[in-house]
Amino acid sequence: MILKGYHPESCDMTGHCNIQYIIEANGDIYPCNFYVLDEYKLSNIITDSFENILNSPVSNRFLTQGNNSHPDCSDCEYHFLCKGGCRRYRQMAINNELNFYCDSYNFFLHIHLTK
């Protein structure tokens with residue numbers, strides 16, 4: 001879709017994290033399915049108001065941390081395609097560097113442009 005000029009639907013292709021509000025069976029709320037971890041618990045839907053959940057310090061920290069990408073990404077000729085990718089994919093990479101799927105995006109774009 002990006003190669004056809006459409007806005008990406010997935011947050012990993014927008015260059016920043018969005019909160020997805022994952023709600024567990026016990027009511028605990030997390031910002032993303034990759035971050036259903038104690039340190040990212042936003043609150044509990046049963047015991048807290050939605051307004052407090054939206055404005056929680058954990059929500060703000062999650063969004064702020066999700067805007068950081070590797071410095072080399074902005075100079076990459078393929079940056080328009082992945083915008084640095086998902087923070088989780090950067091954490092999966094060796095030393096939290098480039099997006100784990102960086103080589104895949106380069107290959108995909110090369111194939112697309114040489115057709």
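## Cysteines

A disulfide is a pair of cysteine sulfur atoms within 2.5 Å. In this predicted model, a search of the whole structure finds 0 disulfides. The sulfur of cysteine 11 has its closest cysteine sulfur in cysteine 32, at 5.9 Å, which is too far for a bond.

Cysteine 11 counts as partly exposed because its relative accessibility is 21%; buried means under 20% relative accessible area, exposed over 50%, and partly exposed in between, with a 1.4 Å probe and protein chains only. Cysteine 76 is partly exposed, with a relative accessible area of 29%.

## Basis of the model

Residues are numbered from 1 along each chain as its sequence is written, and side-chain values use heavy atoms, with hydrogens and water left out. Local features need pLDDT of at least 70 and side-chain atom pairs count only at pLDDT 80 or more, while totals for chains, interfaces and linings use all residues.

## The sheet

Helices (H or I, at least four residues) and strands (E, at least two) are DSSP runs, numbered from the N terminus. Three strands form an open sheet in the order S1-S2-S3, with antiparallel pairing. Strand S1 (22-23) and strand S3 (43-44) are the edge strands, each pairing on one side only.

Strands of a sheet pair through backbone hydrogen bonds, either parallel or antiparallel. Here two strands count as paired if DSSP finds at least two bridges between them. S1 and strand S2 (residues 28-30) pair in the antiparallel sense over 2 bridges. Isoleucine 22 has tyrosine 30 in S2 as its bridge partner.

## Helix H2

Helix H2 covers residues 57-65, and its buried residues are Val58, Ser59 and Phe62. They lie on the same side of H2 because they cover an arc of only 105° around the axis; the arc is that of the directions from the helix axis to the C-beta atoms. The face turned away from this buried side carries the exposed residues Pro57 and Thr64.

Asparagine 60 is also found in H2 and is partly exposed, with a relative accessible area of 42%. The C-alpha atoms of asparagine 60 and isoleucine 19 are separated by 9.8 Å, and the two residues are 41 residues apart along the chain.

## A nonpolar patch

Ile23, Ile45, Ile46, Phe50 and Leu54 make a nonpolar surface patch of about 480 Å². Patches are made of residues with over 30% relative accessible area and no salt bridge; like charges are joined within 9 Å, and nonpolar side chains (Val, Leu, Ile, Met, Phe, Trp, Tyr) within 5 Å. A salt bridge is a side-chain nitrogen of Lys or Arg within 4 Å of a carboxyl oxygen of Asp or Glu. Accessible areas come from the Shrake-Rupley method with a 1.4 Å probe; for residues, only the protein chains shown count as cover.

Isoleucine 46 sits in the loop between S3 and helix H1 (50-54). Isoleucine 46 counts as exposed because its relative accessibility is 66%.
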